[in-house]
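These are my notebook entries on a structure with its sequence. I set down what I looked up, entry by entry.

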Amino acid sequence: MELTTQLIIYGVLMGLVFALIALGLSLIFGVMNIVNFAHGEFLMVGMYIAFLISTYLHLDPLISLPIAAMAGYLLGMFSYHLLIHQILRGPMVAQLFGTFGLMLFLRYLAMYIFTPDVRSIKTGIIVGKALTLGWVSLDLSKVISAGVCLISFGLVYWMIYRTKLGRALRATSIDSEAAQYMGIDTKKMNALAWGIGGATVALAGSLLAHFYYITPTVGMLFTLIAFAIVALGGFGSITGAFLAGIIIGLIMVLSGHLVSELKFTFIYIVYFLVVVFRPRGLFGW
Amino acid sequence: MRQLLIDIFSFEDRPRFERIGFLIFIIIVLLFPWIVKSAYGRAVMIKFLLFALFGLGWNLIGGYGGQVDLGQAKNVGFGAYATGLMMLWWGVPFWITVPIGMVIAAAESFGVAYPMFRLKGHYFAIATLCVALVWKELFVFWDWTGGARGVEIPIRPTPNFTYMQFGSPVHYHYFIFFLFLIQLLFMNWFRKSKLGYECQAVRDNEDVAASIGINVYRTKVIAYTITGGLGAMGGSFMTVYYLYIDPDFVMPLDLSILIAMTVMVGGAGSMWGPIIGAALLIPLDMYLGAWLGAQKRLGIDFMIYAAIMMVIAAREPKGVWGIIERMRRKRIG
């Protein structure tokens, strides 16, 4: 019983982090119908920023949160203006290979700079501390990370659904051409979607770095998890991404407890089954 | 029957400069072991032919069919494991394991293609990627496949054709060239066949293809199935050439990407594209990798790769062959 409660809580906590990771992917897909294979690599950039700040500057890794978000925003903007804007006109194959190239480039750039060694953050206010609530004992870093992710998700949600900028963004995602006629600068909206996508995922990365190992190749796994979440929640749906994130988090933690070698295999299988049998996703329209 | 043979062996419909180029290419490959004596040079050549073979197979679904498959490595793995395990367990001769591996890969491709082709574009590409990853993780997880330790092929004391084990790389050179020619001739038949034209029609416009009576779904499934079988052939070769296989070596995502990329760089959907792509990327990969590896600069070769990939995607989606075609058209006027 105790164990089950703990596993479920961990599942939900991981799910909240996953939801923030998937948010950017869903947003980018919704606004311009392009899949970003480099999404997990943006996450990896966030993780390395946290690692650098904690190991070389000897500051608390929590300080890296705003820096990572900023860096992610700029990275997303740069990628859009330098690459994505160019490949949007091309055929779908070219789009796929374009973002795939970006993914490989970032991954091996990290490999070159940081070597393939596995790193982790060892010091920090919330690293390795335990939080005891009644009879369950939880990892403090996971609780704080999940909390920050929940708040950030809420902020982005508020921005998209309650502000004028968000309305322009939504208009672009519904019909880009019509939005243009209404005087919305769709190119700017596209760039903004990439910026927000990069910022949220890099922020999630700097949080994840508190309790997850860091390698240059860590991105692919999270890209696929994000794909699974976005597919499950319905492509382009923000609410769907949130709920699907929690579902995937639960699946990963529970199946990982049963057969630890296959915990990611289950996620791939869920993705496969969802896109095949319900391509709209659970909450898609 | 006669028409079939003509379709397989005839390149008459191609322009003359292509036929001359192809002839020169064949002569160079045939004479290669006499010209180049260094073991490394020969290894590069064998790897080039292997990836040209992979590219030819992938070109069927990715180039002619227009469906981006990012999971070809799983078929390579099926071929490699079929050969490796059957040789290890029962000592089955190589030439029997090849068709079995191809049938297994084709059957698996058929099985997953059936639900997967309800998807299009990006969704399909991600689904192929997921299927390949699931297979790789299962091959690591299972005990009967040797798990992460892989399969080691027992070395025979004497060179023989039954198990395709030879002392010198020259034999392997002609051996892979033979397999390569089989696939090339198959593709030569395919591009002129009814199925080939159906695939291209589906690639160019699915709705129009459906309106002239092509069963789009069926065409895609068949193309994907054949591609699976073709990929397994190269996998079988990898087993007898390297004599050791494990999931990280024959089924990784990087392999799927490299296969797709050689075709993209060379020119997807053209007869010679995969060969050109492999001729550019494989020597670059091996020499650059060796040179940078010696200087402890891991990763730069892949960064160069990635940069090529992004430039091709943004500037020249038709690859090197697209550039050649454009130049020719300009000259003709």
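**Helix 4 of chain B**

I began with the length of helix 4 of chain B, residues 72-90, in what is a predicted model. Its 19 residues should span 27 Å at 1.5 Å a residue, and its end C-alpha atoms are 27 Å apart, so the two values agree. I then looked up burial: 15 of the 19 residues of helix 4 of chain B are buried, so the helix is largely enclosed by the rest of the structure. After helix 4 of chain B comes Gly91(B), with a positive phi near 65°.

**Helix 10 of chain B**

I repeated the length check on helix 10 of chain B, residues 216-242. The 27 residues should span 39 Å at 1.5 Å a residue, and the distance between the end C-alpha atoms is 39 Å, which agrees. Helix 10 of chain B is mostly covered, with 20 of its 27 residues buried.

Which residue just after helix 10 of chain B takes a positive phi? I found Leu243(B), at about 60°. Leu243(B) is not a glycine, and it lies in the loop between helix 10 and strand 2 (244-245) of chain B. Leu243(B) counts as partly exposed because it has 14 C-beta neighbours inside 10 Å.

**A residue with positive phi in chain A**

I looked up Asn33(A) next, another residue other than glycine; its phi is positive, near 60°. Asn33(A) sits in the loop between helix 1 (2-32) and helix 2 (39-55) of chain A. Its 16 C-beta neighbours inside 10 Å are why Asn33(A) counts as partly exposed.

**Helix 10 of chain A**

Helix 10 of chain A consists of residues 238-258. From first C-alpha to last, its 21 residues reach 30 Å, close to the 30 Å expected at 1.5 Å a residue. I listed its buried residues, among them Ile238(A), Phe242(A), Ile248(A), Ile251(A), Met252(A) and Val253(A). The cover over the buried residues of helix 10 of chain A includes helix 1, helix 5 (140-162), helix 9 (218-233) and helix 11 of chain A.

**Helix 10 against helix 11 in chain A**

To describe two packed helices, one gives the angle between their axes and the distance between the axes. Helix 10 of chain A and helix 11 of chain A (residues 263-277) pack at an angle of about 140°, with axes 8 Å apart. That angle makes helix 10 of chain A oblique to helix 11 of chain A. Angles over 145 degrees would count as roughly antiparallel. The crossing of helix 10 of chain A and helix 11 of chain A is right-handed.

I noted who makes the contact: Ile248(A), Ile251(A), Met252(A), Ser255(A) and Gly256(A) come from helix 10 of chain A, and Lys263(A), Phe266(A), Ile267(A) and Val270(A) come from helix 11 of chain A. By class, the residues of this contact are six nonpolar, two polar and one charged.

**Helix 9 against helix 11 in chain A**

I then turned to helix 9 of chain A, whose axis comes within 9 Å of that of helix 11 of chain A and crosses it at roughly 35°. The crossing of helix 9 of chain A past helix 11 of chain A is left-handed. Residues of helix 9 of chain A in this contact include Leu221(A), Leu224(A) and Phe227(A), and they meet residues of helix 11 of chain A including Phe264(A), Tyr268(A) and Tyr271(A). The contact of helix 9 with helix 11 of chain A has 14 nonpolar residues, with no polar and no charged ones.

**Chain B beside chain A**

How many residues of chain B are in contact with chain A? I found 35, and they touch 36 residues of chain A. Helix 5 (94-116), helix 6 (121-141), helix 12 (253-266) and helix 14 (300-315) of chain B each supply at least two residues of the side that touches chain A. Helix 6 of chain B gives the most to that side, with twelve residues. The side of chain B that touches chain A has 29 nonpolar, three polar and three charged residues.

Ile304(B) is in helix 14 of chain B. Ile304(B) is partly exposed because 16 other C-beta atoms lie within 10 Å. Between Ile304(B) and Leu284(B) there are 20 residues in sequence and 9.7 Å in space, C-alpha to C-alpha.

Is Trp291(B) buried or exposed? Trp291(B) belongs to helix 13 (residues 273-294) of chain B, and it is exposed, with 12 other C-beta atoms within 10 Å. The C-alpha atoms of Trp291(B) and Phe17(B) are separated by 35 Å, and the two residues are 274 residues apart along the chain.

Definitions and conventions: Residues numbered from 1 in each chain as written. Chains lettered and ligands numbered in written order. Predicted model: local features only at pLDDT ≥ 70, side-chain atom pairs only at ≥ 80, totals over all residues. Axes fitted to C-alpha atoms, helices over the stretch in contact; angles between N-to-C directions. Helix = DSSP H or I, 4+ residues; strand = E, 2+ residues; numbered from the N terminus. Parallel < 35°, antiparallel > 145°, perpendicular 65-115°, else oblique. Left-handed = near helix turned anticlockwise from the far one by under 90°. Contact = placed C-beta atoms within 7 Å. Nonpolar A, V, L, I, M, F, W, Y, C, P; charged D, E, K, R; others polar. Expected span 1.5 Å × (residues − 1).
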